[in-house]
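Dear colleague,

Please find the structure below, handed over for your records.

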Amino acid sequence: VNLVPNSPDAPSPRAAREPWLPQSGRVELRPGEVHVWRVDLRQTTDDVRATLSDAERARAERFRSTADRTRFIASHAALRAILGDCLDVAPSALAFGETVHGKPFVAAPEAGRAARFSLSHSGDIALVAVAVGREIGVDVERVRPVADLDGFAARYFSRTECAALGRVPPAERLRAHLGVWTLKEAYLKACGEGLTRELDAFDVTVGDAQPRLAAVRDRPGDELRWTFARLELGHNAVGALAAQDADWSLRRWRR
Ligand SMILES: CC(C)(COP(=O)(O)OP(=O)(O)OC[C@H]1O[C@@H](n2cnc3c(N)ncnc32)[C@H](O)[C@@H]1OP(=O)(O)O)[C@@H](O)C(=O)NCCC(=O)NCCS
């Protein structure tokens, strides 16, 4: 995986500190690139609701809390705006379908069917990943206290992952656990089955600068089929991206 600066020029010191660049102009989807947008869900307006489908508006109405409803609307409106921009169609003209396991895909317009996307939201942050020619999955988790980290790990992670997490210094344990969680979710979302797969059937590496699948017991060979990137989101959140194969570079945008 190549982490390339967003600009073709040498990265400025500022770009090195802030990898999420404001988008200028339309993003063109190319086979060797995966684009991820970091979306601040507080920056939303009431009129974005109009771009959603009836089904999305009905889902929004089912949230009891106004804050959750607003964040759902903002994340789905951002997804539509981003995909609409990439595919050069109006956000409201997009139609989505769902696989049997619930993975959403672009059903219309026809020209957009080759695009792949993944959405994740946690607190005020959403991540939207978009690519062509490969499956992708993205996950974000807000950093918040977890009362029983060992219990959390024992419930969701493999024995190898638990053992590796047990060696992490106390000050880094929470983020390390959330890091493992986001890598596993990103991979499951890329594969499309969500939590119908057993979470302890595969191991991700712990603490590696370049994380990877170390072993996939229920699907041998996946270790070489999928690659990861950690997504740097500051103190308040942890994020990860999984994508098919290794011949891609990452572009990061914010909005
Ligand atoms: C749905 C799931 C794929 C991810 O859910 P999540 O981490 O709670 O939520 P995220 O915001 O990261 O992702 C949700 C988005 O994933 C997408 N999604 C749903 N099912 C999917 C699937 N099978 N494959 C890929 N993407 C999927 C949708 O775009 C969804 O957005 P929406 O609900 O606003 O329409 C699945 O792994 C799940 O059910 N997770 C439950 C999480 C859990 O149990 N956590 C407990 C410990 S923290």
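Backbone features

Asp88 is found in the loop between α3 and β4 (95-98), where helices (H or I, at least four residues) and strands (E, at least two) are DSSP runs numbered from the N terminus. This is a predicted model, in which local features need pLDDT of at least 70, side-chain atom pairs count only at pLDDT 80 or more, and totals for chains, interfaces and linings use all residues. Residues are numbered from 1 along each chain as its sequence is written, and side-chain values use heavy atoms, with hydrogens and water left out.

The phi of Asp88 is near 60°, a positive value in a residue other than glycine. A cis peptide bond, with omega at about 5°, joins Ala108 and Pro109. Pro109 is placed in the loop between β5 (104-108) and β6. Most residues other than glycine have a negative phi, and most peptide bonds are trans.

Overall form

The protein has 7 helices and 13 strands. Its C-alpha atoms fill a box of roughly 50 × 45 × 35 Å along the principal axes. For 255 residues a compact globule would have a radius of gyration near 18 Å, and the protein agrees, with 18 Å (taken over C-alpha atoms; the globule rule is 2.2 Å times the number of residues to the power 0.38).

Ligand site

The ligand is surrounded by 19 residues, of which the closest are Arg59, His76, Ser120, His121 and Lys189 (a residue is near if one of its heavy atoms lies within 4 Å). This shell divides into 6 nonpolar, 7 polar and 6 charged residues (Ala, Val, Leu, Ile, Met, Phe, Trp, Tyr, Cys and Pro count as nonpolar, Asp, Glu, Lys and Arg as charged, and the others, Gly among them, as polar).

An N or O atom in the side chain of His76 is 2.6 Å from an oxygen atom of the ligand. A polar side-chain atom of Lys189 lies 2.8 Å from a ligand oxygen atom. From Gly192, a polar backbone atom is 2.8 Å from a nitrogen atom of the ligand. The elements that give two or more residues to the shell around the ligand are α3 (66-87), β6 (115-122) and α6 (173-191).

With kind regards

Technical notes: Polar contact = N/O pair within 3.5 Å; in protein donor to acceptor, adjacent residues only side chain to side chain.
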